[in-house]
Amino acid sequence: MDNHFDVIVLGTGLIESITAAALSKAGFKVAHIDPNPYYGADQASLSLDELVQWVNHRKEHDRSVTHYGEVPPHARQYSVSLGPSVIPSIGPFISSLIASGVSRYGSFKLLGRVVIYDGGMLKDVPQSKDDIFQSKAMSLLEKRRVTRFLMFAAGDFENNKELHGQENSPLLDFLHRIFLLSEATARAITYALGYCYFIAEKTLPALHRIRAYLKASGRYGPSSFLVGYYGGSGEIAQGFCRAAAVRGGVYILGRSVTSISSVDPAEPENPVLTSDLPRFTIEVDDFPDRLHCRCLISSTSLLPGHLSTLADVIRPSISSYGSPRPFAVARCIAVVDGPITLPWDIEDSGTSEVSDSSLLVFPPGSLHGGSAISAVHVMTAGPGTMSAPSGKGILYISMPLLTNSVHSAEILLRPYLTAVLLLFPAEQQQQKTLICSTFYMQELNSCTASTSDPLVGLLAVPSSSPHITQGVDEAAIVAEATFRKAAYSLNREIKEMNQESEQTVFWPVLAEMEEGEGNDMHW
């Protein structure tokens, strides 16, 4: 194997996988390495037996991880996600899926119901103007106020007098004071339309998210969001890796990087660093050859300490979408014996199609024994997305944490798991027995920005945002920024050798793609 590459990418998370695919398609020679035997890193999609192996490995250095229950028969028919999320129907991520051709490698469906937990009951969150006026849970006056707010949020609100001076106030307060919405309606908009994670999130970023999601509604159907088959994000990350491999990318999985060394152009033996001299040399465990590259892109979690402060850290440039970045996320994966279809609110029954892919939101303070600070999200999955065999279901529960918690993920999330199972009618509760459950804490790695000039060609990408609705869009934006910095660095070296170089396009049009084929989505 030729061991000289233009770019080596460490980690197969969503950001790194999109970047590797874009660089491969742009004609650069790419090697992609991950110490895990699977694709996707913290967003991986695993079968249940792979999940148990992952848990046992995590327990070696994190005793807070807990797992209950036995692996059921046909464990490989399950695809569980370590970082579940939904995909906005309009946004940077869906654009990358289509432009890259990776959408042809997967299948997608519309997210079903979005439901909020209110006073011990579930209430459907209207997804359109028609849903608002069909709802029996709101008075006519409240419907008019909600419609007025949605028209405001869908338009150019930045210079609107109603927003003036309110940009940094909590969205919940803004909805009360400016639009006179009731507590229940304001909470539904804040946590199940703006998808705020915390009680004091600012109005302006939340309004930008709401506007984006309102525009996304109707592109593929009534919902603003899609969900991927076979576990979602991990399967999509693997699709981008496949696209890179088709264009010549080399993949090394299940091998740890044991050493990374950089070439210092200031050293006497390297007075001039030219494009034919690699900047980085990498040694891989149980791999015969050293690998060399001119550009190294790494997840912050895989970058050694001596290089972490010398890297050019790529940060998301979407402050308009910004929620406070959590320190960690407490997560639970629960496999249930029985199909998961959330019960209907009697007053609103019949407004949506039945789906086993739904999103349930617990606002802060809505559950006794739960968090008073963080919203908690429960995603459901089942046979409808090929995530579980017939008659089975999966619950994904997540709680973002602003600071390090003294409590384990199980202590934080057990009340929510119990509450969800109790939501089903008594006759169904007998059938909704837990097959197995896993509780774990996902810490979000950060990287300190270099206090001096970073090493040329050394790029670090942060952990993907865990935000359930905007995380994939952030991943696409960071990936494009990483791609552009890498391509600029490599192309600059070509120019210095007096060779022709053109502006590198993020997703060049594929020669084999017929006109209009890039708009296809598999359903």
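Mentor: We may. This is a predicted model, and a search of the whole structure finds 19 aromatic pairs.

Trainee: Are phenylalanine 152 and phenylalanine 179 buried or exposed?

Mentor: Both phenylalanine 152 and phenylalanine 179 are buried. Across the protein, 57% of the 523 residues count as buried.

Trainee: Which residues do ring pairs link into a cluster?

Mentor: The cluster consists of Phe93, Phe240, Phe483, Phe506 and Trp507.

Trainee: Which arginine residues lie over the face of a tyrosine?

Mentor: Arginine 242 is placed over the face of tyrosine 105, 4.1 Å from the ring centre. Arginine 414 lies over the face of tyrosine 68, at 5.4 Å from the ring centre.

Trainee: Let us turn to helices. What span should helix H11 have, and how far apart are its end C-alpha atoms?

Mentor: Helix H11 (residues 409-422) has 14 residues, so at 1.5 Å a residue it should span 20 Å; its end C-alpha atoms are 20 Å apart, which agrees.

Trainee: Which residues of H11 are buried?

Mentor: The general idea is that an α-helix has 3.6 residues a turn, so residues three or four places apart point the same way. In H11 the buried residues are Ala409, Glu410, Leu412, Leu413, Tyr416, Leu417, Ala419, Val420 and Leu421.

Trainee: How many helices and strands does the protein have?

Mentor: Its secondary structure comes to 13 helices and 21 strands. Among the strands, three form an open antiparallel sheet in the order E6-E10-E7.

Trainee: Why is one side of E6 and of E7 left without a neighbour in the sheet?

Mentor: Strand E6 (87-88) and strand E7 (108-110) are at the edges and have a single partner strand each, so one side of each lacks a neighbour in the sheet.

Trainee: How many bridges join E6 to E10?

Mentor: There are 2 bridges between E6 and strand E10 (residues 225-228), and these strands run antiparallel. Proline 88 stands opposite phenylalanine 225 in E10.

Methods
Residues numbered from 1 in each chain as written. Predicted model: local features only at pLDDT ≥ 70, side-chain atom pairs only at ≥ 80, totals over all residues. Heavy atoms only, no water. Helix = DSSP H or I, 4+ residues; strand = E, 2+ residues; numbered from the N terminus. Buried < 20%, exposed > 50% of the residue type's maximum accessible area, 1.4 Å probe, protein only. Pairing = 2+ DSSP bridges. Expected span 1.5 Å × (residues − 1). Phe/Tyr/Trp six-rings, centres within 6.5 Å; stacked < 30°, edge-to-face > 60°. Lys NZ or Arg CZ within 6 Å of the ring centre and 35° of its normal.
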